[in-house]
Amino acid sequence: TTQPVSLMPPTLIGVDVNKRAWEQAVPLHNRWHPEIPPVATVKEGEVFRVETIDWTGGQIKNDDCSDDVKNVDLNQVHYLSGPIAIETAEVGDLLKVELLNLGPLAGDEWGFTGTFHKDNGGGFLTDHFPEATKACWDFEGIYCKSRNIPGVRFAGLIHPGLIGTAPSHELLAMWNEREGALVASEGTPQAPTLCGVLHTRPLACLPTPEGAMLGKLGHVSAMKGDSEWARVAGEAARTVPGRENGGNCDIKNLSRGCAVYFPVFVKGANLSMGDMHFSQGDGEVSFCGAIEMSGFLELKCTVIKGGMKLLPAVGPSPLSVNPIFEIGPLEPRYSEYLVFEGISVDETGRQHYLDATVAYKRAVLNCIKYLANFGYTEEQVYLLLSCCPCEGRISGIVDVPNAVCTLAIPLAIFDRDVRPKAGLELEALIQGIRIKAIGDVSRESDSSTAPKPLDPRMPV
């Protein structure tokens with residue numbers, strides 16, 4: 001008898017969600033550095049599977065208390081699978097990465113959305129929502145729903161929040177120099193003006209050995225006293241922002257059928273990925289904010305020799321480039337949206353000049369306060385906008401002094417009609433009362449205490 005032929009691509013990197021991040025069979029990493037060695041090598045055109053743990057390394061639980069979000073150890077994030085070397089990739093090439101299939105890991109079909117505490121992570125609207133909250137989501141095939149936000153169900157658009165190539169030493173030095181200068185401006189007249197209207201968080205996350213996992217080079221718990229490890233950890237960039245190598249761009253459209261073109265800064269390219277999302281709204285506004293999950297990616301890589309020249313270098317260095325991508329053919333189809341506008345005037349009435357961040361903040365706030373009239377708490381809506389398939393746009397950026405941003409919410413995700421109309425909601429507003437919310441987000445057990453960032457599983 002003939003043996004059945006498997007249509008599943010081989011698993012290049014597997015994970016066990018029941019193990020700690022630093023105990024995985026194939027070591028993970030949570031920093032960018034050119035000296036983190038590859039854990040696997042692939043040929044051009046080879047189709048392969050990569051599994052990832054959730055971005056916090058299993059710190060957040062599927063329960064109804066947000067203390068885990070409040071006290072999360074953010075020095076550990078993001079845990080990435082890789083680096084993966086592509087045999088023929090060389091410096092100056094362009095690496096085409098095709099996302100052929102994506103999904104949650106079997107037996108781990110759930111995810112979470114949260115808001116960080118203002119003193120441990122913060123977020124886009126921390127000045128309005130200073131406490132940690134959480135919503136847990138169950139997956140039903142392509143759909144998801146949450147016990148914490150009843151009356152909402154939508155199709156996911158699964159994507160890696162973070163995927164990118166390794167930086168060269170020169171590029172890494174550029175990152176550390178410019179981000180260090182930004183942090184040094186904190187509290188001075190040179191500090192960015194947005195700090196006046198957004199709750200001040202660290203302006204950038206600089207290299208630190210605390211919580212560092214450097215792949216084959218080892219985890220901080222096992223490498224204390226190793227001077228060479230300490231050198232790399234002291235230089236290695238945090239994975240928090242998107243940069244020239246791609247990284248944590250949180251682009252929800254990087255889903256099945258998408259192709260991304262990454263610049264190659266080191267031999268082999270050294271591709272890494274993680275921070276898998278079941279769904280995300282444009283902006284990921286709550287910061288802990290897509291539907292975060294473990295997951296898998298099926299990929300194919302090809303190399304365009306010398307192709308990095310196709311990427312425009314807009315900046316002081318030939319390394320000042322950014323990836324480009326093609327959107328895939330598979331996305332949830334929604335035809336009716338309710339669209340909220342925001343302008344660059346903050347909540348105090350102060351005028352800002354063509355400030356799209358302030359305008360988007362206003363659009364999000366307008367949406368939250370509007371939808372809270374329909375039987376939701378504002379915290380429920382905030383988490384929903386961070387993870388549902390809403391569409392954010394810069395609609396106007398030239399008509400002084402106001403930038404205009406919009407946020408479009410698909411109407412079909414609700415089990416009730418949330419369009420403006422005469423009826424119960426308007427009558428309640430006229431009477432000065434609110435419709436009682438159904439359910440609520442998970443909250444802190446004691447909101448009077450400060451966060452104590454700690455992962456009790458971490459070796460001392």
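Predicted model: local features only at pLDDT ≥ 70, side-chain atom pairs only at ≥ 80, totals over all residues.
The strands are considered first. Six strands form an open sheet in the order β1-β4-β18-β6-β15-β19, and their pairing is mixed. The edges of this sheet are taken by β1 (11-13) and β19; each has a single partner strand, so one side of each is left without a neighbour in the sheet. On average, neighbouring strands of the sheet are turned by 35° against each other, direction ignored.

W55 is placed in the loop between β4 (47-52) and α1 (67-70). Its relative accessibility is 5%, and because buried means under 20%, W55 counts as buried. When neighbours within four places in sequence are left aside, the residues in contact with W55 are L74, V77, H78, Y79, F112, F116, D275, C288 and E292. A further residue, S294, is 239 residues from W55 in sequence, yet the two C-alpha atoms are 7.8 Å apart in space. W55 also takes part in a cluster of rings, in which ring pairs link W55 with F116 and F287. For the model, the count of aromatic pairs comes to 10.

R49 lies over the face of F296, at 4.1 Å from the ring centre. In a second case, the charged end of R153 sits over the ring of Y143, and the distance to the ring centre is 4.1 Å.

Pairs of charged side chains form the last topic. Side chains of opposite charge can pair when their charged atoms come close. In this model, the count comes to 32 salt bridges. One of these is formed by D93 and K305, whose closest N and O atoms are 2.6 Å apart. This pair links distant parts of the chain, since D93 lies in the loop between β5 (80-86) and β6 (94-103), K305 lies in the loop between β18 (295-304) and β19 (324-326), and the two are 212 residues apart. The two partners are described by separate accessibility values: D93 counts as buried at 4% relative accessibility, whereas K305 is partly exposed, with a relative accessible area of 48%.

Another salt bridge joins the side chains of K118 and D119, with 3.1 Å from N to O. K118 counts as partly exposed at 33% relative accessibility, and D119 is likewise partly exposed, with a relative accessible area of 48%.

A further salt bridge is found within a helix. The side chains of E235 and R231 meet at 3.3 Å, N to O. Both residues lie in helix α4 (residues 227-235) and are four residues apart, which is about one turn of the helix. E235 is partly exposed, with a relative accessible area of 27%, and R231 counts as partly exposed at 30% relative accessibility. These two residues also belong to a network of salt bridges that links E35, E228, R231 and E235.

Terms used:
Residues numbered from 1 in each chain as written. Heavy atoms only, no water. Buried < 20%, exposed > 50% of the residue type's maximum accessible area, 1.4 Å probe, protein only. Contact = heavy atoms within 4.5 Å. Salt bridge = Lys/Arg side-chain N within 4 Å of Asp/Glu carboxyl O. Phe/Tyr/Trp six-rings, centres within 6.5 Å; stacked < 30°, edge-to-face > 60°. Lys NZ or Arg CZ within 6 Å of the ring centre and 35° of its normal. Pairing = 2+ DSSP bridges. Axes fitted to C-alpha atoms, helices over the stretch in contact; angles between N-to-C directions.
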